[in-house]
Protein chains: 2
Amino acid sequence: MARLVMKFGGTSVANIERIRNVARHVKREVDAGHEVAVVVSAMSGATNQLVAWCREAAPLHDAREYDAVVASGEQVTSGLLAIVLQEMGINARSWQGWQIPIRTDGSHGAARIADIDGSFLIERLKQGQVAVIAGFQGIAPDNRISTLGRGGSDTSAVAVAAAIQADRCDIYTDVDGVYTTDPRIVPKARRLDRVAFEEMLEMASLGAKVLQVRSVEMAMVHGVRTFVRSSFDDPDAPQTGKDGLPPGTLICDEDELVEQQVVTGIAFAKDEAQISIRNVPDKPGVAGAVFGPLADANINVDMIVQNISPDGKTTDITFTVPESEYERALKVLEDKRTELAYAGIEGARDVVKVSVIGIGMRSHAGVAAQCFRGLAEKGINIRAITTSEIKISVLIDSAYTELAVRTLHSLYGLDG
Amino acid sequence: MARLVMKFGGTSVANIERIRNVARHVKREVDAGHEVAVVVSAMSGATNQLVAWCREAAPLHDAREYDAVVASGEQVTSGLLAIVLQEMGINARSWQGWQIPIRTDGSHGAARIADIDGSFLIERLKQGQVAVIAGFQGIAPDNRISTLGRGGSDTSAVAVAAAIQADRCDIYTDVDGVYTTDPRIVPKARRLDRVAFEEMLEMASLGAKVLQVRSVEMAMVHGVRTFVRSSFDDPDAPQTGKDGLPPGTLICDEDELVEQQVVTGIAFAKDEAQISIRNVPDKPGVAGAVFGPLADANINVDMIVQNISPDGKTTDITFTVPESEYERALKVLEDKRTELAYAGIEGARDVVKVSVIGIGMRSHAGVAAQCFRGLAEKGINIRAITTSEIKISVLIDSAYTELAVRTLHSLYGLDG
């Protein structure tokens with residue numbers, strides 16, 4: 001007997017027929033003797049409609065009212081799934097965020113979960129009642145409905161799993177797991193059976209859009225074993241894969257990784273643009289002077305590279321921004337030219353960031369060198385490099401994206 | 001300065017453009033210096049869609065889950081109206097039933113309001129904030145969302161008005177008031193400036209479908225002056241009608257009726273069927289024996305007539321049921337023939353109940369006689385008669401509906 005959280009997204013609950021399919025997945029786990037809490041998103045399209053109404057009502061609107069409007073989508077699906085489960089003879093009830101309660105901070109529209117008291121849910125689960133929880137929502141300190149921001153149902157699911165000490169949080173999604181890289185680019189990409197939280201965090205933020213980044217952070221902090229699987233599986237098929245699980249990827253603590261590989265996956269982020277500032281005076285506070293104005297303009301800066309100054313007087317700073325913000329970022333910096341006292345500014349739009357990710361590289365030397373050599377052999381020029389303990393990122397011309405990703409995928413033995 | 005409740009139905013909030021129109025009505029009252037609480041229904045069509053989903057999920061569904069699903073419609077419109085009001089520079093916020101809270105009993109799906117603590121709302125109103133309240137919903141003792149049954153937003157509005165001691169509850173609807181009778185049948189029908197609660201109660205239950213019966217009952221009990229007006233009025237037109245109000249009907253205590261007329265209106269109820277049971281033994285319990293089985297079969301009995309027994313041994317009982325239940329009602333009674341020991345049973349489908357209503361008839365003799373004589377002069381046969389203190393109802397052949405209504409309308413001086 002295990003305690004499970006099962007999370008279903010908007011396409012899985014888009015109409016009553018699909019909600020019935022979700023209910024069959026739930027029934028399978030209940031029949032297997034598990035205690036089950038389900039977290040649901042709104043019907044696909046519903047949230048977009050509600051958001052559109054808010055925007056039509058006023059382009060700049062009160063986030064508290066937006067939350068009241070938009071949270072209604074999950075209220076509907078949680079009630080409907082409870083009805084369908086009861087129809088199948090399963091003891092179930094819906095829970096709204098304010099009923100549990102799922103307490104959040106006061107940042108309406110993009111709230112963070114502060115606290116969930118799981119004791120009441122646990123009591124009901126032990127009585128054999130399935131909890132159907134409206135995802136994406138909570139209650140703020142002002143006693144008003146809050147929402148977690150788009151994609152927040154993943155975070156709800158993981159937070160509930162932590163609060164009720166679930167053995168596993170199953171995320172049913174439209175892909176059947178996390179791959180070594182994008183299978184559309186590398187047909188030999190393999191599904192990973194297991195991936196460490198830290199690796200997943202790098203992959204999620206780098207564009208392997210399986211799970212919301214915040215949900216992975218939360219899973220890591222609370223040690224919630226999170227299993228990504230396809231919602232298109234036949235609910236009644238035997239669950240006889242690895243660890244008694246069907247095909248999917250378990251995101252877990254690195255201690256649980258069975259065969260620890262040096263490199264786990266190759267991620268890439270398109271739609272980046274590079275900006276380089278030449279000969280900035282190399283003195284304390286210069287980085288702040290550059291990035292402060294960009295932050296004020298709400299421009300998200302990703303990769304940042306600053307090298308040791310060769311002459312101790314000036315240095316070059318390179319960074320990336322979303323391609324859509326390229327012109328605006330240049331404008332912001334040109335307006336600050338006198339203040340920043342740089343010699344020149346240049347940039348490039350058609351760049352891509354390719355990252356090699358693997359928790360194993362912490363204990364293996366030469367991983368980075370291997371990467372640079374491999375790319376050089378294919379004649380791919382590296383514009384900039386940044387590294388972390390478990391990641392090497394290179395910025396290259398976007399024309400080489402596929403070649404670079406395939407080369408690295410083979411190089412680190414990831415081809416299936 | 002007055003304190004007002006303004007209630008808008010589903011067609012008035014069917015899209016953002018109409019919600020803007022509602023907001024202009026609200027702004028007019030705020031600009032006039034009034035404290036305003038608004039009660040809104042769901043967008044027209046929204047509730048039907050939500051109900052349809054519940055039925056598709058399971059024909060017999062948990063009323064608590066139904067409530068969670070269906071109440072979401074008013075959650076959406078309350079938030080959207082608050083956004084539009086804010087956009088117009090008006091301080092406003094939405095309130096869900098559970099936030100105020102509007103406490104109801106535990107009859108999910110058809111709950112009755114038990115208690116509203118208005119102190120918090122009053123505090124906000126005094127600070128100049130408009131309260132936009134989701135109608136039709138409350139919170140049950142189990143801490144779950146409850147709904148009041150279809151049309152319940154009228155009841156919400158009146159209950160809120162009572163709780164905040166509002167000076168008036170304005171019901172914006174698709175007609176511009178209460179008429180002396182149906183203008184489609186009597187072109188000379190006049191809009192009533194004022195009508196007493198008791199009269200309105202008789203009119204509402206008799207088919208003048210302007211206000212939900214329960215809301216009128218509640219208005220009467222709490223003495224809430226309720227003003228019915230058209231939501232199609234130009235919001236910016238000067239409010240220069242009677243009592244400084246625009247065209248409409250004020251439902252109020254009889255003390256407030258200015259020109260007390262003997263008869264206020266003529267109502268009629270089509271789709272009735274008459275059943276008469278002949279020679280039932282005239283002994284205690286016989287009425288119960290007749291109507292008990294009908295109640296068990298969920299058949300709604302309206303008009304009941306039983307005369308004094310001429311011989312002290314048997315009597316005749318006549319009553320009406322909805323025409324759609326006629327066959328079923330006959331069947332129920334025929335099944336009980338031995339038990340009831342009646343001589344015969346007969347009935348008629350094409351009957352109509354016409355009622356003369358007026359609080360003034362309590363102090364005027366001869367009103368009933370005038371009615372019977374008037375109908376007789378037109379050759380209209382009366383099948384049965386019932387009266388209350390403020391109402392005379394006659395059952396006649398439905399072919400004479402228009403003639404009877406027009407005759408009585410003229411007879412009592414109601415023609416405009």
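**Before you start**

You are looking at a predicted model, in which local features need pLDDT of at least 70 and side-chain atom pairs count only at pLDDT 80 or more, while totals for chains, interfaces and linings use all residues. Residues are numbered from 1 along each chain as its sequence is written, chains are lettered from A and ligands numbered from 1 in the order in which they are written, and side-chain values use heavy atoms, with hydrogens and water left out.

**Stop 1: where the chains meet**

Colour chain A and chain B separately and look at the contact (heavy atoms within 4.5 Å). Chain A gives 38 residues to it, and chain B gives 38 residues. Together the chains bury about 3100 Å², 62% of it on carbon and sulfur atoms; buried area is the accessible area (1.4 Å probe) that two parts lose on being put together, summed over both.

Now select the side of chain B that touches chain A. The elements that give two or more residues to this side are α1 (16-31), α2 (46-57), α3 (63-70), α4 (72-87) and β3 (92-95) of chain B. Helices (H or I, at least four residues) and strands (E, at least two) are DSSP runs, numbered from the N terminus. Which element gives the largest share of this side? It is α4(B), with 10 residues. By class, this side of chain B has 22 nonpolar, 9 polar and 7 charged residues. Here Ala, Val, Leu, Ile, Met, Phe, Trp, Tyr, Cys and Pro count as nonpolar, Asp, Glu, Lys and Arg as charged, and the others, Gly among them, as polar.

How many salt bridges are there between chain B and chain A? The count is 0, a salt bridge being a side-chain nitrogen of Lys or Arg within 4 Å of a carboxyl oxygen of Asp or Glu.

**Stop 2: a helix with two faces**

Select helix α10 (residues 326-335) of chain B. Its residues Tyr326(B), Ala329(B), Leu330(B), Val332(B) and Leu333(B) are buried. Buried means under 20% relative accessible area, exposed over 50%, and partly exposed in between (1.4 Å probe, protein chains only). Turn to the face away from the buried side, and you will find the exposed residues Glu327(B) and Asp335(B).

**Stop 3: charged pairs in chain A**

Over all chains, the structure holds 54 salt bridges. Side chains of opposite charge can pair when their charged atoms come close.

- Select Arg191(A) and Asp176(A): they form a salt bridge, with the closest N and O atoms 3.0 Å apart. Both lie in the loop between β9 (168-173) and β10 (194-196) of chain A, so the pair ties together parts that are 15 residues apart in sequence.
- Go next to Asp316(A) and Arg278(A), whose side chains meet in a salt bridge (3.1 Å, N to O). This pair links strand β15 (residues 314-322) and strand β13 (residues 265-281) of chain A, the two residues being 38 residues apart.
- Then find Lys336(A) and Glu339(A), which meet in a salt bridge at 3.7 Å, N to O. Lys336(A) is partly exposed at 28% relative accessibility, whereas Glu339(A) is exposed at 57%. Elsewhere, salt bridges that share partners join Arg24(A), Asp234(A) and Asp236(A) into one network.

**Stop 4**

Most residues other than glycine have a negative phi, and most peptide bonds are trans. Where is Pro101(A)? Look in the loop between β3 (92-95) and β4 (102-104) of chain A. The peptide bond from Ile100(A) to Pro101(A) is cis, with omega near -15°. In chain B, the bond from Ile100(B) to Pro101(B) is cis as well, with omega near -15°.

Select Asn298(A), in the loop between α9 (286-296) and β14 (304-306) of chain A. Phi of Asn298(A) is near 65°, a positive value in a residue other than glycine. Gln165(B), which is not a glycine, has a positive phi of about 50°. Is Gln165(B) buried or exposed? With a relative accessible area of 58%, Gln165(B) is exposed.
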